[in-house]
Amino acid sequence: MPAPMKTARHALLVASAVVSSLALTAPVSHAAPKPSPSTSPSATPPAGMSTVGGERLGQAGTQVNLASGVPVLPKDLTARSWVIADAESGDVLAAHNAHWRLPPASTMKMLFADTVLPKFPKSVEHKVVPSDLADVGAGSSMVGIKEGETYSVHDLWLGVFLRSGNDAVHVLSKMNGGIDNTVKEMNEHAEELQALDTNAVSPDGYDAPHQVSSAYDLTLIARSGLQKKDFREYCSTVTAKFPGSTSKKKGKSVRETFEIQNTNRLLAGDSDIPVYQGIAGVKNGNTTNAGATFTGVAERNGKVLLVTVMNPEKSEHNEVYKETARLFDWGFKAAGKVQPVGELVPPKSAAQASAQPGSNNSGEAGGTGDAEKSSKSAVGASAASGSTGIGVALGITGGALVLLAAGVFLINRRWPLPDLVRRRGRS
């Protein structure tokens, strides 16, 4: 897709990147205070919220720059918090209580995946022992992992993304040195991403005191995860075969399989909601205290948008997806017309490196080499794994790679998605 350089803003953005980097090296004063011990959020947003990404994002209520030619926001939005952003430039097109720290439910699994997914090759196998599943929370969503059975890392990640399986999360966490170590690494990674509203207590998003995130942070985390090819593959997979129990048949051990489907209703569809045009993930969640939460990514006409919606008050079935779809619709109409109200900031290390004289940072978002490899291998990745999902690279590849090669990532408003996959249209 065309990727014109915004020359009028170039010098200003380079300067702002330097200033942002200097701010990042100092203690963060604009982070929100620690949450209260209760898992239940307050009824209204706090007076003082983080201003990461821009002053307006720290203000309560809806933030949008309406002007001539800009469509009016949907009137039937009931979510406590939401954000809509350009996934490539990082521009936040509009937001509502963006930094309100709320229980995230299973959208926390995006941070878990972004932290742990690079640790293990997908072909690695693990035999599940009782201690792997001993502390899975009561009433958790499960993919159906059995003690004594062996699963590949690929199988486990399908269980995490498609079925939001807390059992799969706990097995991977135990492989990663245990729950406590995994949560520690998740919080360290959140800080690196500048997701400063986020505090992980459990790796799966199960309700727990002090476990919070925000619509801004979840959008930031999703954007980071989408730099990874495997993350894109898993979050865009619609259905897959999952290993079941092993039994003896005619003296031979036979491993059964069963089909699992993605619980993201904009990706898989439902009786009252169609598959959203151009949807490519990311993750949904739902718990008693968090309500329904969702972060999605979609592409249409060369634009790639991220939307996060947290806890709609309206109790209609699939309401979180319906409000997300309305925000996507607005975003695609408003893109290129509306002035942003803030931005998705880059990771600390990227901003600091970008501020160094003569720096040419090409590795933080996968680098040009990784992006080129990804663009060649992403197509058909789901088919090769026996899964049904998205296997078509977005048309943003060419323009995005040119931007990466030119070192535009050092201007913190460009973090391209090298070959973000999208869903094939359904007839």
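Trainee: How many of the residues of H2 are buried?

Mentor: Helices here are DSSP runs of H or I with at least four residues, strands are runs of E with at least two, and both are numbered from the N terminus. Buried means under 20% relative accessible area, exposed over 50% and partly exposed in between, with a 1.4 Å probe and protein chains only. By that rule Lys109 and Asp114 of H2 are among the buried residues, as are Met108 and Phe112. H2 is mostly covered, and the number of its residues that are buried is nine of nine.

Trainee: What should I know about the source of these values before we go on?

Mentor: This is a predicted model, in which local features need pLDDT of at least 70 and side-chain atom pairs count only at pLDDT 80 or more, while totals for chains, interfaces and linings use all residues. Residues are numbered from 1 along each chain as its sequence is written, and side-chain values use heavy atoms, with hydrogens and water left out.

Trainee: At what angle do the axes of H2 and H5 cross?

Mentor: The axes are lines fitted to C-alpha atoms, for helices over the stretch in contact, and angles run from 0 to 180 degrees between N-to-C directions. Angles under 35 degrees count as roughly parallel, over 145 as roughly antiparallel, 65 to 115 as roughly perpendicular and the rest as oblique. H2 and H5 are therefore roughly perpendicular to each other. The axes of H2 (residues 108–116) and H5 (residues 179–192) come within 9 Å, and they cross at roughly 95°.

Trainee: Which residues of H5 make the contact with H2?

Mentor: Contact means heavy atoms within 4.5 Å. From H2 the contact draws on Met108, Leu111, Phe112, Asp114, Thr115 and Val116, and from H5 the residues are Thr182, Glu185, Met186, His189 and Ala190.

Trainee: Which residues have the most contacts inside the largest nonpolar core?

Mentor: A nonpolar core is a set of buried Ala, Val, Leu, Ile, Met, Phe, Trp, Tyr and Cys residues joined through side-chain atoms within 4.5 Å. The largest such core has 67 residues, and helix H3 (residues 153–163) gives the most to it, with seven residues. Tryptophan 157 touches Phe112, Ala113, Val116, Leu117, Leu172 and Tyr234, leaving out residues up to four places away in sequence. The residues with the most contacts inside the core are Ile145, Trp157, Phe161 and Phe231.

Trainee: How many residues apart in sequence are the parts that aspartate 86 and lysine 303 tie together?

Mentor: A salt bridge is a side-chain nitrogen of Lys or Arg within 4 Å of a carboxyl oxygen of Asp or Glu, and aspartate 86 and lysine 303 meet in one at 3.3 Å, N to O. Aspartate 86 is buried at 8% relative accessible area, whereas lysine 303 is partly exposed at 30%. Aspartate 86 lies in strand E2 (residues 79–86) and lysine 303 in strand E10 (residues 303–312), so the parts tied together are 217 residues apart in sequence.

Trainee: How many salt bridges are there by this rule?

Mentor: One of them joins aspartate 135 and lysine 174, at 3.7 Å from N to O, and another joins lysine 314 and glutamate 316, with the closest N and O atoms 3.4 Å apart. Lys122, Lys229, Asp230 and Glu233 are linked in a network of salt bridges. By this rule the count comes to 17.

Trainee: What is the value of omega for the cis peptide bond that joins glycine 281 and valine 282?

Mentor: Most residues other than glycine have a negative phi, and most peptide bonds are trans. Valine 282 is in strand E8 (residues 279–287). The bond from glycine 281 to valine 282 is cis, and its omega is about 25°.

Trainee: Is serine 164 buried or exposed?

Mentor: Serine 164 is found in the loop between H3 and H4, and its phi is near 55°, a positive value in a residue other than glycine. With a relative accessible area of 6%, serine 164 is buried.
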